[in-house]
Amino acid sequence: MAENILEGVKVLDMCVAAAGPSCSRMLVDFGAEDIMVEPLEGQSTRYTAPHSFDFKCGGKKGIPCNLKTPEGKELLTKLVKWADVMVCNYREKAMVKLGFSYEELHKINPRLIYAHLYGFGNKGPKKDDPGFDATAWWGRSGLLVDIAQPDSIINIPYATGDFSAGHSLALGICAALYRREKTGEGMKVSTSLMASGIFLNYDAIVETQYGYKLPTSRKRAIRAMLNSYQCGDGEWISINATHHWETSWPCICRTIHREDLIDKYPEHDDTKGEFAPAVIAILDEEFKKYDSDYIVESLLSCGTIAVEKAQHSIDVTKDEQAIENEYVYEWTDREGKKIMHPATPIRFNDGGHQELKYAPMLGEHTIEVMHMLGYTDDQIKDYEDRGIVKAIHGHQEYRYSN
Amino acid sequence: MVETLKGIKVVAFTRAAAGCCCVKMLTEFGADTVFVEPVKGIPLRYLNFGDFYINNQKSVPINMRDPKGVEFMHRLLEKADVFVSNYRNGVLKTLGLDYESLKDKYPKLIHATISGYGTKGPMKDAPGFDVTAFWGRAGLSSDSMDKNANMPLIVPQGTGDVACGENLAMGVIAALFDRTRTGKGMQVYTSLYSVGLFLNNSQIIDQQLGVKYPKTRKDPGRAMKNTFRCKDGWVQTMTLNFDKDFNSILKVAHLDNLIGDPRWKCMEDTEGENAIELTEILDSGFAQITVQEAVDGLTAADVAVSKYFTGLDTVTDEQAEANTYFSDVDTLKGKRIRIPANPIKFNGDETLDEYRAPQLGEHTVEVMKEYGYSDAEIDEYIKNGTVVAQGR
């Protein structure tokens, strides 16, 4: 289990939306203690996507606090002194305006690792613009357009880019923590949605500089046997059968009952480049005659072909490969509903998954955190009365529909 | 110069992109990396983007079928902090390089591996590429399709490999941190499939709560997170804030007459089934303006928007330039191109002093000397094909 790798590491979490929280969630999975300072009304994703909020903020402690008041600022300063790591994904100008720039916080706590996740970086014409993964990670990096077939579009999945950038930042934080053990000094770590998207899209970015044209069409794929095909049940499969032609190709021909094609294309080169479109046209017709399950099973049995159905997410939750590796596991939400949750993909030693805890209710840990920071009950009550913090007293029922 | 992992010694025994990317991250953070290649080099190094994966590592091709080659590997491991591999476990076992074989011998070693589909289950030995294991099986390909267009994605090759490599690197460094307290190494591993699942978490959770995928852009779920066709191309928009952004979007699309319309009072009025009608209306508005007008207008109103950049556009993007998101590289193929730089910055925007992929065997002699081999031994190893070396 991963739970003690970062045990004892204290994280001050000033994150909103998805990318920032997905970074600190990794640290929590590795055993760090996380205190999340939220706006008084709570982060918007609490309400717009409550299950997703659990996924991103599970196991964190929460304290809603008005950071625009002097008392709120003082409370945050105490947390800065307490923390090893501060993670945020507010825009840089907002952090500067609040007085929480790297320079300011470094003065308060020189050992602090200040981790900032930007939309587009902290320089350049876009530095102050709002960035979401749909725009900064997908749109600006070239992924959005180069991934779609000509005259087609894709519907961007939610939050994949956020998590990817969040992972990058968490990786940087781990490196900074390691470095601090040697030097005793904190440092600033940053990345952006845009940088993360560009980094992941390196292949297309490099290839197009060598003259390769994108976006491309599957009907004119460079290799007929490295392509996607639609089967009779409407499902798409992706095939890589470019290796071991002498066994792979006959296997394909037999699978679609077109043995006559075996000798027509004796070499892989006969199905590549200028020859590819004709082969793709034939296979398009033939694959449509069979269900995807039959095709996948038959091609896999050949042993030299990588083939995969474009599995729907809902199928993932029943996939024995995912279940056996604990890549998904049954998780029960606060209302008792059972959901299969993806588990942290990084495993240490024995390889079990981390059980996700619930995201904090708004104000759930205010009293605990303020006590820890040395505030008295009277002070807490006073702060509540004056609208500086919000706190839950005693037990409160949770409703996702709130 | 990045020095976060200065002093850390990495032995890379990698071949596929995901494993190489993990090593790349460690190397770019300042680790000293010996890349034990096959004697012919890994196939990746001969591709256009090969430089991306092996830059700044020391290339030491060793014939692992030769017992002397295996002995050389162990000399490297004796001093190593981290061992990274993406060979299937059977291969590592045969060579005696699996975790079980190494953990007692090198108790401080972090042993890091990547697989396609995990270490258990029916697919554990199946070949995995990111296009199949990460995109295909994890649901990303299927859920990103436009249902009406009925066209699959041209899956961007390598994206899953990088995401997976970064994850493994994160685990490795967390383990290095833990080792500063425990003095002990450990095993760290991940897979293309599991990283794909984790990144696809929103869709996986949503579908279990009844949301249907794939979607079409005409029935997008959220009207303001969508693609719109302007006069001369597409734009992508996104918002989480109805009060701040809804009227701005209407104004930019010249739909001012709808401001204050009682049909849309809050975010929920723009979501689910409500999104269908609104999308049709927004489509009619965006069709009247250019991409530039949409981008300028929405940006001025602080609404997130992007035109469709191609991969090639990014190379000349001033935003990327301002933040040093690229390195200029003279590639192994003799061309000068721009390669995406490490997205993680420490302190300032420091970059690598030099970004260069090694020639096959460029560092063999240097590394062999460092590990105590005599000149005579080096010559003998080269002659017998135990290693491949340049400049000798």
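**Note on the interface of chains A and B**

1. In this predicted model, the side chains of B:Arg137 and A:Glu308 meet in a salt bridge, with a distance of 3.1 Å from N to O. The count between chain B and chain A is four salt bridges, and the pair B:Arg137 and A:Glu308 is one that a reader new to the structure may wish to look up.

2. Turning to polar contacts, 56 residue pairs are found across the interface of chain B and chain A, with both residues of each pair at pLDDT 80 or more. On the side of chain B that touches chain A, the largest share comes from helix 8 of chain B (residues 159-182), which supplies 16 residues. Sorted by class, that side of chain B has 67 nonpolar, 43 polar and 24 charged residues.

3. As for the extent of the interface, 134 residues of chain B are in contact with 130 residues of chain A. The size of an interface is often given as the accessible area lost when the parts come together. Between chain B and chain A the buried area is about 11900 Å², and carbon and sulfur atoms give 63% of this area. Within chain B, the residues that lose the most area to chain A are B:Ile154, B:Met170 and B:Phe198, which together make up 7% of what that side buries.

Methods:
Residues numbered from 1 in each chain as written. Chains lettered and ligands numbered in written order. Predicted model: local features only at pLDDT ≥ 70, side-chain atom pairs only at ≥ 80, totals over all residues. Heavy atoms only, no water. Contact = heavy atoms within 4.5 Å. Buried area = accessible area lost by both parts, 1.4 Å probe. Polar contact = N/O pair within 3.5 Å; in protein donor to acceptor, adjacent residues only side chain to side chain. Helix = DSSP H or I, 4+ residues; strand = E, 2+ residues; numbered from the N terminus. Nonpolar A, V, L, I, M, F, W, Y, C, P; charged D, E, K, R; others polar.
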